[in-house]
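Subject: Structure handover

Hello,

Here is the structure for you to open. My notes on what was found follow below it.

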Amino acid sequence: MEASFLAQQFVPLMFVGLFVLLLTGFPVAFALAACGLGFGFIGMEAGLFPASLFQALPLRIFGIMQNDTLLAIPFFTFMGIILERSGMAEDLLETVGQVFGPVRGGVAIAVILVGALLAATTGVVAAAVISMGLISLPIMLRYGYSRTIATGTITASGTLAQAIPPSLVLIVLADQLGRSVGDMYAGALIPGLLLVGLYILFIVVVALVKPDMVPALPPEARIYREDNGASGHRSLLVLLALCGLIGYGWAQIHDQIIGGMTGRAQPAAGDEIIIMSMTVASLTGLALSIVNRVTKMGLLSRLAEQVTFVLMPPLILIFLVLGTIFLGVATPTEGGAMGALGAVVLAVVKGKFSMDLTRQALDSTAKLASFVLFILIGSTVFSFTFNAADGHIWVEHLFTNMPGGAIGFLIVVNILIFILGCFIDFFEIAFIVIPILAPVAEKILPAMVPGMTADQAMIWFGVIIAMNLQTSFLTPPFGFALFYLRSVAPKNDYKDRVTGALIPSVKTTEIYKGSIAFICLQLIMVAAVIMYPGLVTGGMDEGTKLDANEVMMQLESSSNAGEPGADDTLKPDETAEDESSQKSDDDALKALMATEPKK
């Protein structure tokens, strides 16, 4: 009787056991592994599993350590830390703030744009939030910004690192969903940029409705001026227009040039054209500024030169890394290695590279990579026992009869992830929840949109999850971005070093209130991606479609021609039998359970 009850309630009991372990404060990686091993032994003692259950587990863990895709995580982490420690954030915030400072809400818009750039380079939320909190928050408080707008803008901009490629969470999601990292990057690019636009639109609306909340910088705060007193914005606009025209011209001839170089017959995807056009435009702007400075022609203003020399190098690095991935020239791992090398080169050019910087970057990279791998190994042990108990079937039955079908499934999953994000880290959510939900999503979602392939459906599902995981950094009680800003925001009243005015301290409640509007904007973006899958799948390559009749004719002609190896051609029945045999051999767990009867 007890064994029967345990067999029926084994999967729910595993979830309860994991929840209890997490509540004790035990590290998540070890809690996952302990739960998987503990319930595995309980199942073996109760006769639910064979005694040889865990013999296949070492092969699973060894397979994780051989996963080349996960190498992209330390490469991109190292790239981000080198760029962040070399002072890139400070230079970007100062320069972009000067560009937008003269308009209402300009400093907030600068923070959002710099947050997007840091997301595409550092990819680390803590670095982005702390840098912007130390540099931009005092400026916003000095000139009378609303505290909720100031704190909310900084924390929300830091979370863009989760949605904009090359995001670490997108790498993890692609690995857990069994899909290409390049496809995941391509799918997340447009939604990520749209979220940046949504943030900026919100600031613009606030500037129009309540201008006192987001004042412009006063004239004395603008440091880049010409000898005649001009701001230099006109020269900058001309340069941007010229670069934009060059980029647009490249977009028109991209297929001809790249197709001729690679021999590709299919038209390029939209995200590839966007990235390469922006790369060409950035290179053009940098080249013009270098020529202007070397020849001392004086055609560009100080502001235009400063923007070019500060903004273009990291932009070119981002575009080259993503461009090579989208072109298929480099894998994400190779792109990450190239980005790490590019970051070192930029640090050397700026004179900021040192052995101490390298040691700090390597130390932080090793810690993060070890953290990710330990959680992945723990989740593998948990899912090993979970799948042995047919937990994936239990979850599938749980969602099959849900009201609303695929839409109901997406709504419930996003509510679940939103709630979990209030308490646990995004890596932990990705490693615990995604492997459980992925089989159900692959079965339900393709039928939701006519013509959607299983690969497109899973990339779409992954981008939805990534957009939702952003909220985990902003939602109390464990919103990490809120904690990062709290650690650098002034806790006591202080005297401003520029104006001499007394600035009141920033309260924790003000930081929490500031995040509410941006959480709503993130959820709006999640809903938009659910309603319009084309935002993700529109630029994805569906692959080459083969004509079955033509293939059969070629096989028959090859067989009749008596070519060497023609006798080795498998018949359809033999092929199916071979594939079936291979699938059963690949699943070591099923093979072990089939060879040993239950007690």
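Gly285 lies in helix H13 (helices are DSSP runs of H or I, at least four residues, numbered from the N terminus). A word on the basis: this is a predicted model, where local features need pLDDT of at least 70, side-chain atom pairs count only at pLDDT 80 or more, and totals for chains, interfaces and linings use all residues. Residues are numbered from 1 along each chain as its sequence is written, and side-chain values use heavy atoms, leaving out hydrogens and water.

Gly285 is buried, because its relative accessible area is 0% (buried means under 20%, with a 1.4 Å probe and protein chains only). Neighbours within four places in sequence aside, Gly285 is in contact with Leu239, Cys243 and Thr308 (contact means heavy atoms within 4.5 Å). Its C-alpha atom is separated by 7.7 Å from that of Leu240, 45 residues apart along the chain.

Ser289 is also in H13, which spans residues 270-295. At 0% relative accessibility, Ser289 counts as buried. With neighbours within four places set aside, the contacts of Ser289 are Leu239, Leu300, Glu305, Thr308 and Phe309.

**Two helix pairs**

H7 (residues 106-121) and H11 (residues 181-209) have axes that come within 9 Å and cross at roughly 175 degrees. H7 is therefore roughly antiparallel to H11 (over 145 degrees; axes are lines fitted to C-alpha atoms over the stretch in contact, with angles from 0 to 180 degrees between N-to-C directions). Ala108, Ile109, Ile112, Leu113 and Ala116 in H7 meet Val196, Tyr199, Ile200, Ile203 and Val204 in H11. That contact divides into ten nonpolar, no polar and no charged residues (Ala, Val, Leu, Ile, Met, Phe, Trp, Tyr, Cys and Pro count as nonpolar, Asp, Glu, Lys and Arg as charged, the others as polar).

H4 (residues 57-65) packs on H16 (residues 355-388) at about 150 degrees, with axes 10 Å apart. So H4 is roughly antiparallel to H16. On the H4 side are Leu57, Arg60, Ile61, Ile64 and Met65; they meet Leu373, Leu376, Ile377, Thr380, Val381 and Phe384 in H16. The residues of this contact are nine nonpolar, one polar and one charged.

**Cores**

Which residues touch the most other members of the largest nonpolar core? They are Phe76, Tyr185, Phe409, Leu445 and Phe461, out of 174 residues (a core is a set of buried Ala, Val, Leu, Ile, Met, Phe, Trp, Tyr and Cys residues joined through side-chain atoms within 4.5 Å). Helix H14 (residues 302-327) gives the most to this core, 15 residues. Another core, of five residues, lies apart from it and includes Trp250, Met276, Val280 and Leu327.

Best wishes

How values were computed
Parallel < 35°, antiparallel > 145°, perpendicular 65-115°, else oblique. Buried < 20%, exposed > 50% of the residue type's maximum accessible area, 1.4 Å probe, protein only.
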